Each structure stands twice: as C-alpha cells, then as structure tokens.
Amino acid sequence: MWTFFHKLASPPHFYRLAPQIVPWLAVPGLLCIAYGTYAGLFVAPPDYQQGDAFRIIYVHVPAAYLSMLAYMVMAISAAIGLIWRMKLAHAVAASAAPLGAWFTFLALATGSIWGRPMWGTWWEWGDPRLMSELLMLFLYFGYMALRAAIDDTVKADKASAVLAIVGAVNVPIIHFSVEWWSSLHQGPTLIRAGGPAIDAAMLYPLLAMILGFSLLFGALLLRRVRSEVLYRERRKRWVRDMILAAGGRA
Amino acid sequence: MEALAMGDYGPYVWTCFALTGLVLVICDWRARSRQRQVYRDIEVRVRALEEGE
C-alpha cells in the first residue's frame with residue numbers, strides 16, 4: 001500500500017500513469033452528467049413551490065459541492081506538501097485552485113440566476129451562505145495571485161500552502177452557515193438528519209450530476225497536475241529523455 | 001416548446017445549463033492548452049540544447 005503511494009508520488013511515474021486514468025474518470029463522468037441533465041430537465045417533476053426553476057439545482061448543487069471539495073483537495077494537498085515536502089502534493093494544490101475558482105464562480109452565478117425569480121433579487125449582501133461562498137472565490141484568487149507573485153517555486157509553494165490551510169476554515173462555515181445564521185438560502189436538503197428531504201425522482205438525477213461532476217473534476221485535475229509536474233520537472237533528465245524519445249508528441 | 005419554456009423559467013434554467021456547459025468546456029480546453037504549451041516550451045529548450053551539444 002505504502003509502496004503504491006510512494007511510487008505514485010514519483011513525478012515520472014505519475015506523468016505516465018495519469019493519462020491512463022483520465023478516460024476511466026472522464027467517460028463515466030460525462031455519462032452521469034448526460035443522464036442527470038436529461039432526467040433533471042425532462043423526467044423529474046416540477047417542484048410544488050418553485051415550479052421548473054428548481055431544475056437549476058442540477059447544476060448549482062454539484063458546482064457548489066465541487067467548489068468546497070476542490071478547496072479541501074487544495075488545502076489537504078498543501079498541508080501534505082508542507083509537512084512531508086512531497087513535490088507532487090504541491091502540484092496537486094496548485095492545479096486544484098483554478099478548477100475550484102471556476103466551480104465557485106459557477107455556483108455563485110447559477111445561484112444568483114436562481115435567486116432572481118425565487119427571491120426577487122440577484123444578490124443579497126447580508127446572506128451568510130452567499131458571502132462565505134464569495135469569500136471562497138476570493139481565497140482562490142488570493143492563492144493563485146500569491147503563487148503568481150513569487151518566482152521561486154519552493155517559496156511560492158510554502159507561502160500559498162499556509163494561505164490554503166488557513167482558508168480551509170471557511171469550508172465548514174459555508175456548509176453550516178444556513179444552520180448557524182438566519183439565511184435566505186434554503187437549509188440542507190441532501191446531508192441532513194433523517195435523510196434527504198427530496199423525492200427519489202428528483203434525487204437520483206441530482207446524485208448522478210454530483211457523481212458526474214466529481215469524476216470530471218478528477219479527470220480535469222489529473223490533466224492539470226500532469227502539466228504542472230511537467231513544468232516543475234522541466235530541467236530533469238527524465239523529461240529531456242522523454243521529449244527526445246517522443247519526437248514532438250505531447 | 002412547453003419543455004423549452006420551463007413554465008416561464010426557461011431563460012433562467014437554460015442560461016444556467018449553458019453557463020455550466022461553457023465552464024466545463026473552458027476547464028477542459030485550459031487543461032489541454034496548458035499541457036501543449038508547457039510541452040512545446042520544454043521541447044524547444046531541449047532541442048536547442050541538443051543542437052548546441
């Protein structure tokens with residue numbers, strides 16, 4: 001087991017292994033998203049209060065979930081890199097940030113579009129869920145800006161890792177904000193005591209979308225980590241040998 | 001047409017799904033283009049080194 005992880009953490013081994021794993025994540029992920037989109041848009045019945053506008057949850061909830069998952073991947077990888085000085089961990093953290101930022105933007109945008117017909121407003125500045133999610137977007141931007149501002153990769157890894165770890169406190173705040181404070185945002189629907197408060201006809205497409213987004217995130221992350229590994233190892237012998245042997249194939 | 005109208009919420013629902021599709025395509029495109037760019041930069045450097053040796 002430890003030998004497997006030790007081998008996986010080796011940059012050349014990871015670089016060669018990643019493209020073999022990507023299709024096993026991307027294809028099932030796309031199939032889940034295709035099913036979830038079809039069933040969510042055309043099979044699930046309209047909500048008795050929100051009508052067809054509720055169908056926005058099929059993209060909003062997976063995006064919001066991924067925004068937090070990506071941050072946890074980033075923070076945990078950064079911590080592993082900082083504590084055990086594992087090079088691959090810092091590459092994972094650096095690669096998770098732009099994906100997390102995109103999913104956070106998507107969660108905010110789709111939430112805002114849903115809020116217009118349901119709440120009568122695009123945005124509510126006093127809402128704790130909205131503000132904590134917006135803070136997460138700024139944390140992603142801050143993390144990426146900090147990395148970009150430091151030329152030395154080792155120093156950039158350390159400084160950005162500290163920011164990622166400190167910012168992780170925002171993740172439980174986002175999740176529990178609707179329980180701790182008065183919020184326009186509805187309470188937990190899936191992860192709650194007593195099970196999901198949603199009918200099976202609506203639930204299964206949502207679970208398929210969450211699974212599909214997660215698998216696709218995994219595939220996109222592997223691709224990005226691969227590029228990051230290649231960039232960081234650009235002066236290593238194995239990269240030079242690989243490029244000379246490949247003769248122009250990426 | 002009724003399915004497209006989404007009970008008058010069509011513009012909101014379809015905008016969200018289109019935006020999601022766009023973001024996923026951008027994420028995929030960015031990952032691919034970054035890989036190509038990094039590979040090409042290194043390839044140019046490696047070739048230059050080889051020719052210099």
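Helices, as the word is used here, are DSSP runs of H or I that hold at least four residues, numbered from the N terminus. In this predicted model, Lys155(A) lies in one such run, helix H6 of chain A, which covers residues 153-167. Lys155(A) counts as exposed because 10 C-beta neighbours lie inside 10 Å. Between Lys155(A) and Leu99(A) there are 56 residues of sequence separation, and the C-alpha to C-alpha distance in space is 22 Å.

**The two chains**

Chain A has nine helices and zero strands, so that its pattern, read along the sequence, is α-α-α-α-α-α-α-α-α. Chain B has two helices and, again, zero strands. The table sets out some values for each chain.

| Chain | Residues | Buried | Box of the C-alpha atoms along the principal axes |
|---|---|---|---|
| Chain A | 250 residues | 40% | roughly 65 × 35 × 35 Å |
| Chain B | 53 residues | 17% | roughly 70 × 15 × 10 Å |

For chain B, the radius of gyration is 22 Å, whereas a compact globule of 53 residues would have one near 10 Å. In chain A, if one takes the contacts between residues at least 6 apart in sequence, 77% of them join residues at least 24 apart.

**Where the chains touch**

The contact between the chains takes 35 residues from chain A and 24 residues from chain B. On the side of chain B, the largest share comes from helix H2 of chain B (residues 10-52), which supplies 20 residues. Sorted by class, that side of chain B has 16 nonpolar residues, together with four polar and four charged ones.

Leaving aside residues up to four places away in sequence, Arg34(B) touches Arg224(A) and Ser227(A). Arg34(B) is partly exposed, because 19 other C-beta atoms lie within 10 Å, and a residue needs 20 or more to be buried. Arg34(B) and Thr20(B) are 14 residues apart in sequence, and their C-alpha atoms are 21 Å apart in space.

**Two helix pairs in chain A**

Two packed helices are described by the distance between their axes and by the angle between those axes. Helix H3 (residues 57-84) and helix H7 (residues 170-180) of chain A have axes that come within 10 Å and cross at roughly 160 degrees. H3(A) and H7(A) are therefore roughly antiparallel to each other, since angles over 145 degrees count in this way. The crossing of H3(A) and H7(A) is left-handed. Met68(A), Tyr71(A) and Met72(A) of H3(A) make the contact with Val171(A), Ile174(A) and His175(A) of H7(A). By class, the residues of this contact of H3(A) with H7(A) are five nonpolar and one polar, with no charged residue.

The second pair is formed by H4(A) and helix H8 of chain A (residues 200-232), which pack with their axes 8 Å apart and at an angle of about 125 degrees. H4(A) and H8(A) are therefore oblique to each other, and H4(A) passes H8(A) in a right-handed crossing. On H4(A), the residues of the contact include Lys87(A), Leu88(A), Ala91(A) and Leu99(A), while those on H8(A) include Phe217(A), Leu220(A), Arg224(A) and Arg232(A). The contact of H4(A) with H8(A) has eleven nonpolar residues, one polar residue and four charged residues. Arg224(A), which belongs to this contact on the H8(A) side, is also one of the residues that Arg34(B) touches.

**Two residues with positive phi**

Most residues other than glycine have a negative phi. Arg85(A) is not a glycine, yet it has a positive phi of about 55 degrees. The place of Arg85(A) is in the loop between H3 and helix H4 (87-119) of chain A. Arg85(A) counts as exposed because it has 12 C-beta neighbours inside 10 Å, and 12 or fewer is the cut-off for that class.

In chain B, Asp8(B) has a positive phi of about 75 degrees, although it too is not a glycine. Asp8(B) sits in the loop between helix H1 (2-5) and H2 of chain B, and, with 11 C-beta neighbours inside 10 Å, Asp8(B) counts as exposed.

Notes
Residues are numbered from 1 along each chain as its sequence is written. Chains are lettered from A and ligands numbered from 1 in the order in which they are written. This is a predicted model: local features need pLDDT of at least 70, side-chain atom pairs count only at pLDDT 80 or more; totals for chains, interfaces and linings use all residues. The radius of gyration is taken over C-alpha atoms; the globule rule is 2.2 Å times the number of residues to the power 0.38. Two residues are in contact if their C-beta atoms, placed from the backbone, lie within 7 Å. Ala, Val, Leu, Ile, Met, Phe, Trp, Tyr, Cys and Pro count as nonpolar, Asp, Glu, Lys and Arg as charged, and the others, Gly among them, as polar. Axes are lines fitted to C-alpha atoms, for helices over the stretch in contact, and angles run from 0 to 180 degrees between N-to-C directions. Angles under 35 degrees count as roughly parallel, over 145 as roughly antiparallel, 65 to 115 as roughly perpendicular and the rest as oblique. A crossing is left-handed if the near helix is turned anticlockwise from the far one by less than a right angle, and right-handed if clockwise.
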